[in-house]
Amino acid sequence: MRNVLIVARKEIQEGLRNRWVLATTLLLAALALTLSFLGSAPTGSVGMRALDVVIVSLSSLTIFLLPLIALLISHDAIIGEMERGTMLLLLSYPVGRWQVLLGKFVGHLAILGFATLLGYGAAAGALVASGAVIDPESWTAFIAMIGSSVLLGAVFIAVGYLVSALVRDRGTAAGIAVGIWLVFVLIYDMAFLGLLVVDQGQTVSGGVLNALLLLNPTDVYRLFNLTGFASVRSFSGMAGLADSTTLTPATLLVALAAWALVPLALAAFAFSRREL
Amino acid sequence: MSAATIRVREVTKRFGKVDAVRAASFDLQQGETVALVGHNGAGKTTLIKLMLGLIRPTSGSIEVLGDDPAAGQFAARRQLGFLPENVAFNPGLTGRETLAFYARLKRQPAFAVAPLLDRVGLTVAADRRVGTYSKGMRQRLGLAQALLGEPRVLLLDEPTTGLDPALRQSFYDTVEELRGRGATVLLSSHALTELEERAGRVIIMNRGIKVADGSLGELRRIARLPTKIRLKVTERGLASMSEWLGPADTWRRMNGRTVEVDASPEGKIALLRRATDEAAPVEDLDVVPPTLDQLYAHFLRSDEAAP
């Protein structure tokens, strides 16, 4: 455990030094603030549910941005260190490979969590500062949104590690990471929508629909945030989809956690079998 | 002083179709400096990686400080220092931060860092980012991390590349000091002349096979390479070489009145006696034993001649 923390600490130190933390936090804060002010335009500044609107826009932002940031940080984590030659020295130390991987995971997740909390927190802070009244239910939904955003980040960090542990060079890792982002964030949903339109509800329903949604972590995240809380659901335009699935928020969270843990375990396995 | 710290038994390591190491066996003892010598691709780095447990042998077994290095027990690794060929560090951190990170991994106290930086002459640059370091400075930082925690086994892959002569000297002094306290030091290098005075024992590798193993003296004896004896001879002596030199081994004239004689190991003393005889027309004399370079070349040749 101590080794994991030592490695995590170094990752955070490096993240601070090479401005990853700063850049990510500023980017998320800037976009979150922009969205929260633009988002309040349609409902007016005295909108009763100002934070709910922010949740809807921020979770859409998260789906695009957090997987990208997570993959950017993580795709290089193993193969990059191997190519630079730093991994050889690190592994000659009394530290297990899984400890190195887990340490990096904790460190990268801390960076991402910090950036998300601060960036999105700034949006909520701005709303409070502008005098909006926010009820407790909205706060719960907001906190759940931040938490699940970090979890979504964890999913893509783990997926990035898996890629990084399997490929032979950094260029390939970067290419595959971009591909994964495109598939999960854009292509999967388009194909999914196309399928639903073509199918007209004939065969794809109930169980199959649930399975297809669970197969994409960004859909799991979307469903969790946009349908999980009654207050948010009415703004999200997801009410129709929410009615036709039977997935509970707890199931969705478990699915997200599995999406993070399974690739992480596979990455650890692939890394442990690799020869330097 | 005879306890083996590293035991290598019939180790073979295959990468695909290439045998990087073939049936190598040797023990390394406490308080021994061993030079591991060979071409690029002779299997030196592979052997070191096997000793570190970074790769597993295809067959055979390795023991380092009583443990199987690939078994994932870390007791032995805490007492082991390693300097990779082309050592690399994260460019974003400072020298001090980098060394502190490695010290934590080895469970060394934070106050161990500053003296080590001082020892390799990096105190002034300690708080600069490693990215700004020159090759020699990175190499020194690499040495510093290898010396963390009084290692009982030091595995150094091409340790002195990029070091200037003064640092090279202080590096070998440090190594000698550790060896004196009972550490096993394995040096892999191409710079054979440099190792010559430092290594008590030499292991020569060629294409994955151990072709020679022993002290320099032993290797010289096995190789039966001639000792070169350079004589500065008077004009008179030059004219009658074969008379006073006796049934001489081969000799050739170098420049002026200097003559070089190849003396076989057993004929060497007799030859020297004749050359230092009062009547001998010799003004000056130099004895040049075969260098490590020549021994190395000899063992590679004889290995290639063998089927």
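What share of the contacts in chain A with a separation of 6 or more is accounted for by residues 24 or more positions apart? In this predicted model, the answer is 84%. The chain behind that figure is built from helices: its secondary structure comes to 13 helices and 0 strands, so that reading from the N terminus gives α-α-α-α-α-α-α-α-α-α-α-α-α. Of the 276 residues in chain A, 45% are buried.

The largest nonpolar core holds 155 residues, and the members with the most contacts inside it are A:Val155, A:Ala158, A:Tyr161 and A:Leu256. Helix α7 of chain A, spanning residues 136-166, gives the most to this core, contributing 17 residues. Another core lies apart from the largest one; it has 8 residues, including B:Leu231, B:Val233, B:Val261 and B:Leu271.

Chain B brings strands into the picture. Six of them form an open sheet in the order β5-β6-β7-β3-β8-β9, with mixed pairing. The edges of this sheet are β5 (80-83) and β9 (209-214) of chain B; each has a single partner strand, so one side of each is left without a neighbour in the sheet. On average, and with direction ignored, neighbouring strands are turned by 15° against each other. Within the sheet, strand β3 (residues 33-37) and strand β8 (residues 201-206) of chain B run parallel and are joined by 4 bridges. Here B:Val34 stands opposite B:Arg201 in β8(B).

Two helices of chain B can be described against this sheet. Helix α1 (residues 44-52) packs on it, touching β3, β5, β6 (153-157), β7 (184-189) and β8 of chain B, and the direction of this helix makes about 150° with that of β6(B). Helix α5 (residues 165-180) of chain B also packs on the sheet, where it touches β3, β6 and β7; its direction makes about 145° with that of β7(B).

How many residues does each chain bring to the contact between A and B? Chain A supplies 20 residues and chain B supplies 23. On the side of chain A that touches chain B, α1 (2-17) and α5 (86-91) of chain A each supply at least two residues. The largest share of that side, 6 residues, comes from α1(A). Sorted by class, the side of chain A that touches chain B has 8 nonpolar, 7 polar and 5 charged residues.

B:Ala23 is not a glycine, yet it has a positive phi of about 45°. This residue has its place in strand β2 (residues 18-29) of chain B. B:Ala23 counts as partly exposed because it has 14 C-beta neighbours inside 10 Å. B:Glu158, likewise a residue other than glycine, has a positive phi near 50°. B:Glu158 lies in the loop between β6 and α5 of chain B. With 19 C-beta neighbours inside 10 Å, B:Glu158 too counts as partly exposed, since a residue is buried only if 20 or more other C-beta atoms lie within that distance.

Note on methods
Residues are numbered from 1 along each chain as its sequence is written. Chains are lettered from A and ligands numbered from 1 in the order in which they are written. This is a predicted model: local features need pLDDT of at least 70, side-chain atom pairs count only at pLDDT 80 or more; totals for chains, interfaces and linings use all residues. A residue is buried if 20 or more other C-beta atoms lie within 10 Å of its own, exposed if 12 or fewer, and partly exposed in between; C-beta atoms are placed from the backbone. Two residues are in contact if their C-beta atoms, placed from the backbone, lie within 7 Å. A nonpolar core is a set of buried Ala, Val, Leu, Ile, Met, Phe, Trp, Tyr and Cys residues joined through C-beta atoms within 7 Å. Two strands pair if DSSP finds at least two bridges between them. Axes are lines fitted to C-alpha atoms, for helices over the stretch in contact, and angles run from 0 to 180 degrees between N-to-C directions. Ala, Val, Leu, Ile, Met, Phe, Trp, Tyr, Cys and Pro count as nonpolar, Asp, Glu, Lys and Arg as charged, and the others, Gly among them, as polar.
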